[in-house]
Protein chains: 2
Amino acid sequence: MDAFINYCNKISPLTAEAIEELSSRIKSKTFKKGQVINKEGQICRNFFFINKGLVKHYYPYKGRIFIIRFFSENNVFTVLDSFIQQAPAVFTTIALEDTETMQLTYNDIQELCKRHHCFETIIRKIFGMAAVINLKRIKEMFDGDATELYKNFEIENHHLLQRISLGDIASYLGISQVTLSRIRANP
Amino acid sequence: MDAFINYCNKISPLTAEAIEELSSRIKSKTFKKGQVINKEGQICRNFFFINKGLVKHYYPYKGRIFIIRFFSENNVFTVLDSFIQQAPAVFTTIALEDTETMQLTYNDIQELCKRHHCFETIIRKIFGMAAVINLKRIKEMFDGDATELYKNFEIENHHLLQRISLGDIASYLGISQVTLSRIRANP
DNA sequence: TCTTTCTTTTTACCTATGTTAAAAAATTAA
DNA sequence: TTAATTTTTTAACATAGGTAAAAAGAAAGA
């Protein structure tokens, strides 16, 4: 829990009262490797902070899967569209490793934002950063051919390279496993 | 200006004081068709509301251009990454039609957020929506082949179809003009 | 109205990447 | 350690869509 409060404080300072209320609301929850955290069609009612582990967030389409993003320790995540609109998710989220999280419900976030301006500031900044990250992802998807996409991924996600399978990297880049294997063979 | 206040109030109510301060800070600015609003490399210092007109937001890469998004009347826009981080933009924004906007500076937004919790709530929601829209765009980019991408675009942007050139639509979909022309020929 | 410029379509050709299937390698379980 | 399962590589083939260039059409300026 301290890790999350720390994470928040780095973004913008929390008052003592906000920390107290936050602490009383936040709950911990762990997921086993391979466990579904939120399935498509299901409303995502929680906002997570990852203490430890790795998660993939994907879009199942015509039998293939397309990975939107990976989330790892010391980051927040939620099924953004589903959470914000409290509507069924089009994405599925599953744990790629045993994962420990802290969570706040939709209602917790609403109440904390309403009661503590300092917390609303933090959420505003988190949402802003999420928008920027998604924007960057759109840009990257345009960046040239499969080889360039992979080179880019290697640079941007160096720290995760060994933890993610080739198949999942291919799904993230929107190319086939075979193509990615070819790229690795002829660098 | 009323249009923007209206837009805000629909998201979450503003107090009278917030409206007053907002009114005193907001400025109007118009752009001629083809005029650059913000160029890559340049820091975007403003947050815009479009009263009238159409804008394209693109990523110039290796001689080609890739359009991230179109913005039209009754919507806010800014070069999100550049604005939030006050860092040089990687995108360029230009007016596709004569465009009338209202604008607030980075500093205006910071001050308004700090002084009026109600305004911070609105910005939080706007950023949240921006993140969701970008997420949706990522998803759409995975949606099948060029033909499906175009069908999708036709549905989602029906109201803009007649205002955007074939070349720009192709740039938005990440396909060549020739391919799009082929698609239109063989529906 | 005629000319110039910009946009869209068509044609021809080529290459990157998808698909399917099978072999090889690596990881996990027994 | 061996067996079972999963992941990665390799090969052969098919094709969607890219590039370049020219023709046709539409819009803008003189």
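In what order do the four strands of the open sheet in chain A run, β2 included? The order is β2-β7-β4-β5, and the pairing is antiparallel. Keep in mind that this is a predicted model.

Let's stay with that sheet for a moment. β2 (36-38) and β5 (64-72) of chain A stand at its edges. Each has a single partner strand, so one side of each has no neighbour in the sheet. From one strand to the next, the twist averages 30°. Now look at β4, residues 54-61 of chain A. Eight bridges join β4(A) to β5(A), and the two run antiparallel.

One pair to look for is Asn46(A) with its bridge partner in β8(A), Thr105(A).

Now step back to the domains. Chain A is divided into domain 1 (2-138) and domain 2 (143-187). Their C-alpha centres lie 25 Å apart. Across the boundary, 16 residues of domain 1 of chain A are in contact with 11 residues of domain 2 of chain A. Together the two domains bury about 1100 Å², and carbon and sulfur atoms give 50% of that. On the domain 1 side, Ile67(A), Phe70(A) and Arg137(A) lose the most area to domain 2, together 40% of what that side buries.

What about charges? Between the two domains of chain A, the count is four salt bridges. Elsewhere on the chain, the side chains of Glu73(A) and Arg163(A) meet in a salt bridge at 2.8 Å, N to O. Lys136(A) also forms a salt bridge with Glu156(A), with the closest N and O atoms 3.1 Å apart. Lys136(A) lies in helix α5 (residues 117-142) and Glu156(A) in helix α6 (residues 146-156) of chain A, so the pair ties together parts that are 20 residues apart in sequence.

Last, the two chains. A rotation of 180°, with 0.0 Å of shift along its axis, superposes chain A on chain B with an RMSD of 0.0 Å. The two copies are therefore related as by a two-fold rotation axis. The same surface serves both: 100% of the contact residues of chain A recur in chain B.

How much area is buried between chain A and chain B? About 3500 Å², of which carbon and sulfur atoms give 71%. In contact are 39 residues of chain A and 39 residues of chain B. Arg124(A), Leu135(A) and Phe142(A) lose the most area on the chain A side, together 22% of what that side buries. Four salt bridges are found across this interface. Arg124(B) and Glu120(A) meet in a salt bridge through their side chains, 2.6 Å from N to O. Over all chains, the structure holds 22 salt bridges.

Definitions and conventions:
Residues numbered from 1 in each chain as written. Chains lettered and ligands numbered in written order. Predicted model: local features only at pLDDT ≥ 70, side-chain atom pairs only at ≥ 80, totals over all residues. Heavy atoms only, no water. Least-squares fit on C-alpha atoms with pLDDT ≥ 70 in both. Contact = heavy atoms within 4.5 Å. Pairing = 2+ DSSP bridges. Axes fitted to C-alpha atoms, helices over the stretch in contact; angles between N-to-C directions. Domains from an automatic or database assignment. Buried area = accessible area lost by both parts, 1.4 Å probe.
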